[in-house]
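Work through the exercises below with the sequence and the 3D view at hand. Each task is followed by a solution in steps.

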Amino acid sequence: MNISGFSPSGLFPQVSSGATSVSGAGASDGFGSIVRNAVDSMEKSQLGANQEVAKAVTGESTDLHRTIIALQTADLHFQFGLQVRNKVVGAYEEIMRMQV
């Protein structure tokens with residue numbers, strides 16, 4: 001489902017099962033580039049929402065639905081990123097509690 005540029009599958013590149021590399025990425029690309037791409041996607045959605053709000057406030061855009069969709073898309077990106085961060089921090093804390 002793609003609503004005004006939001007695509008959950010577009011946040012992260014597809015990882016081929018059983019392989020160690022990300023499809024479409026070189027051998028030097030890894031987890032860091034995936035995170036960077038996700039943050040860039042989140043930032044783009046935030047900037048797009050800010051532009052839509054500015055257009056609505058100045059009267060340049062009369063389509064309020066487009067503005068609301070942009071805001072909701074940015075919120076979904078942010079909430080998704082926040083939940084992923086929470087899971088990563090939880091996993092890190094769990095690993096740190098393990099006894100060797």
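## Exercise 1: A residue in a helix

Ala-74 lies in helix α3. The model is a predicted one.

**Task.** Decide whether Ala-74 is buried or exposed, and find which residues Ala-74 touches, not counting residues up to four places away in sequence.

**Solution.** 
Step 1. The relative accessible area of Ala-74 is 3%. Buried means under 20%, so Ala-74 is buried.
Step 2. Leaving out residues up to four places away in sequence, Ala-74 touches Ser-45, Gln-46 and Ala-49.
Step 3. Another pair to look at is Ala-74 and Met-42, which are 32 residues apart in sequence. From C-alpha to C-alpha, they are 7.0 Å apart in space.

## Exercise 2: The elements of the chain

**Task.** State how many helices and strands the protein has, and in what order the elements run from the N terminus on.

**Solution.** 
Step 1. The count is 3 helices and 0 strands.
Step 2. Read from the N terminus on, the order is α-α-α.

## Exercise 3: Helix lengths

**Task.** Compare the span of α2 and that of α3 with the span expected at 1.5 Å a residue.

**Solution.** 
Step 1. The expected span is 1.5 Å times one less than the number of residues.
Step 2. Helix α2 has 28 residues, so it should span 40 Å. The end C-alpha atoms of α2 are 41 Å apart, which agrees.
Step 3. Helix α3 has 34 residues, and 50 Å is expected. From the first C-alpha of α3 to the last, the reach is 49 Å, close to that value.
Step 4. Look also at what comes just after α2: Gly-59 takes a positive phi of about 85 degrees there.

## Exercise 4: Buried residues

**Solution.** 
Step 1. Leu-47 and Leu-71 are 24 residues apart along the chain, and their C-alpha atoms are separated by 10.0 Å.
Step 2. For the protein as a whole, 17% of the 100 residues count as buried.

## Exercise 5: Salt bridges

**Task.** Find how many salt bridges the structure holds, and say which parts the pair Arg-66 and Glu-52 ties together.

**Solution.** 
Step 1. Side chains of opposite charge can pair when their charged atoms come close.
Step 2. The structure holds 2 salt bridges.
Step 3. One of them joins the side chains of Arg-66 and Glu-52, at 3.3 Å from N to O. Arg-66 lies in helix α3 and Glu-52 in helix α2, so this pair ties together parts that are 14 residues apart in sequence.
Step 4. Arg-66 is partly exposed at 47% relative accessibility, whereas Glu-52 is buried at 9%.
Step 5. Glu-52 has a further neighbour. Thr-67, in helix α3, touches Glu-52, Val-53 and Ala-56 when residues up to four places away in sequence are not counted. Thr-67 is buried, with a relative accessible area of 5%.
Step 6. A salt bridge is also formed by the side chains of Arg-97 and Glu-94, at 2.7 Å from N to O. Arg-97 and Glu-94 are 3 residues apart in helix α3, so about one helical turn separates them.
Step 7. Arg-97 is exposed at 56% relative accessible area, and Glu-94 is partly exposed at 42%.

## Exercise 6: The surface

**Task.** Say which residues make the nonpolar surface patch of about 480 Å², and whether Met-96 is buried or exposed.

**Solution.** 
Step 1. Tyr-92, Ile-95, Met-96 and Met-98 make the patch.
Step 2. Met-96 belongs to helix α3 (residues 64–97). Its relative accessible area is 54%. Exposed means over 50%, so Met-96 is exposed.
Step 3. The accessible surface of the protein is about 7,600 Å², and 59% of this belongs to carbon and sulfur atoms.

Notes
Residues numbered from 1 in each chain as written. Predicted model: local features only at pLDDT ≥ 70, side-chain atom pairs only at ≥ 80, totals over all residues. Heavy atoms only, no water. Patch = residues over 30% accessible without salt bridge, like charges linked within 9 Å, V, L, I, M, F, W, Y side chains within 5 Å. Areas by Shrake-Rupley, 256 points an atom, 1.4 Å probe, with all protein chains shown as cover. Salt bridge = Lys/Arg side-chain N within 4 Å of Asp/Glu carboxyl O. Helix = DSSP H or I, 4+ residues; strand = E, 2+ residues; numbered from the N terminus. Buried < 20%, exposed > 50% of the residue type's maximum accessible area, 1.4 Å probe, protein only. Contact = heavy atoms within 4.5 Å.
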